[in-house]
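Please look over the model below. A short report on its two chains follows.

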Amino acid sequence: MNLRRDVFQAIADPTRRAILLLVSSQSMTAGAIASNFDTARPTVSKHLQILTECELLKQEQNGREMYYHLNPNKLKEIADFIEPFQKMWDDRFKTLENIMKKYQSKK
Amino acid sequence: MERKTKINAEDDKQELLITREFDLPLELLFKAYEDSEIVAQWMGTKVIKLENKKHGGYQFETSDKEGNVLFSANGTIHEFLPNQRITRTFEMENTPFPVQLEYLEFERLTDTTSKLTMHIVYKSVAFRNQVLQLPFAQGINMAHNRLQEIADRLK
């Protein structure tokens, strides 16, 4: 089951992307991360587990607290510099073009 | 004909050039940026405010099904010349990314085709590279699935 968990699956979920964004600036505990969402705490824990399993997040024990931080090396695997950025804009502009073609034919 | 988005990011420069040609007349391409309902559709985000004028501002917000805000952004419009140019700032709220400056140029190619050039200036080379490496952090990909749905419906 855990073998299915790859980085692409991990970032396909909007809540998990929001979590990655949260910890991109600082290490945070599970509790601190969960406090940013109205979602139930176990749901956030599940997201953290998935992100940790695919190594996008790393855990670090600090005293009694477990902190989560972003693993930039793993991010590089999925973000081959410009390619995802290019694809993101390309997808958006394709949608824009489709919408406006439809808009044009309606007139 | 397949048209592709080109990204030009030179090493050690704190800027970025995005260009795309469209199978759309210039007026329609510009309208996709001017009409808040259409912007909402292709950006996949809620448009809370869009004041298309000098000293105007805009505000985007994306929430999940439970209503959690996943992405919010805003900016100020410095120049708004219909079918020609939009100059604006862009700021992602609740992120470490500083405000960026965006110059959007709209060009007529033929009666039925047009071109968009987006020139984005970042606070530093490091921040530009971070934005490039974290496309989902910019929140745009968050809406990717929804964009796909809209596009599929339009086919």
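Which residues of helix H2 (residues 36-43) of chain B are buried? They are B:Gln41, B:Trp42 and B:Met43. The model is a predicted one.

Chain B holds four helices and eight strands. Read from the N terminus, its elements follow the order β-β-α-α-β-β-β-β-β-β-α-α. Just after H2(B) comes B:Gly44, with a positive phi of about 65°.

Chain B has 155 residues, and 30% of them are buried. Take its contacts with a separation of 6 or more: 39% of these join residues 24 or more positions apart.

## Chain A: a helix pair

In chain A, helix H2 (residues 14-23) packs on helix H4 (residues 41-53). The angle is about 70°, and the axes lie 10 Å apart. Angles of 65 to 115 degrees count as roughly perpendicular, so H2(A) and H4(A) are roughly perpendicular to each other.

H2(A) brings A:Thr15, A:Arg16, A:Ile19 and A:Leu20 to the contact. H4(A) brings A:His47, A:Ile50 and A:Leu51. By class, the residues of this contact are four nonpolar, two polar and one charged. An α-helix has 3.6 residues a turn, so residues three or four places apart point the same way.

## Chain A: a hairpin

Strands S2 (residues 57-62) and S3 (residues 65-70) of chain A pair in the antiparallel sense. Six bridges link S2 and S3 of chain A. A:Leu57 has A:Leu70 of S3(A) as its bridge partner.

The hairpin of S2(A) and S3(A) has two residues between the strands. In this hairpin, A:Gly63 takes a positive phi near 65°.

Technical notes:
Residues numbered from 1 in each chain as written. Chains lettered and ligands numbered in written order. Predicted model: local features only at pLDDT ≥ 70, side-chain atom pairs only at ≥ 80, totals over all residues. Axes fitted to C-alpha atoms, helices over the stretch in contact; angles between N-to-C directions. Parallel < 35°, antiparallel > 145°, perpendicular 65-115°, else oblique. Contact = placed C-beta atoms within 7 Å. Nonpolar A, V, L, I, M, F, W, Y, C, P; charged D, E, K, R; others polar. Pairing = 2+ DSSP bridges. Buried ≥ 20, exposed ≤ 12 C-beta atoms within 10 Å, placed from the backbone.
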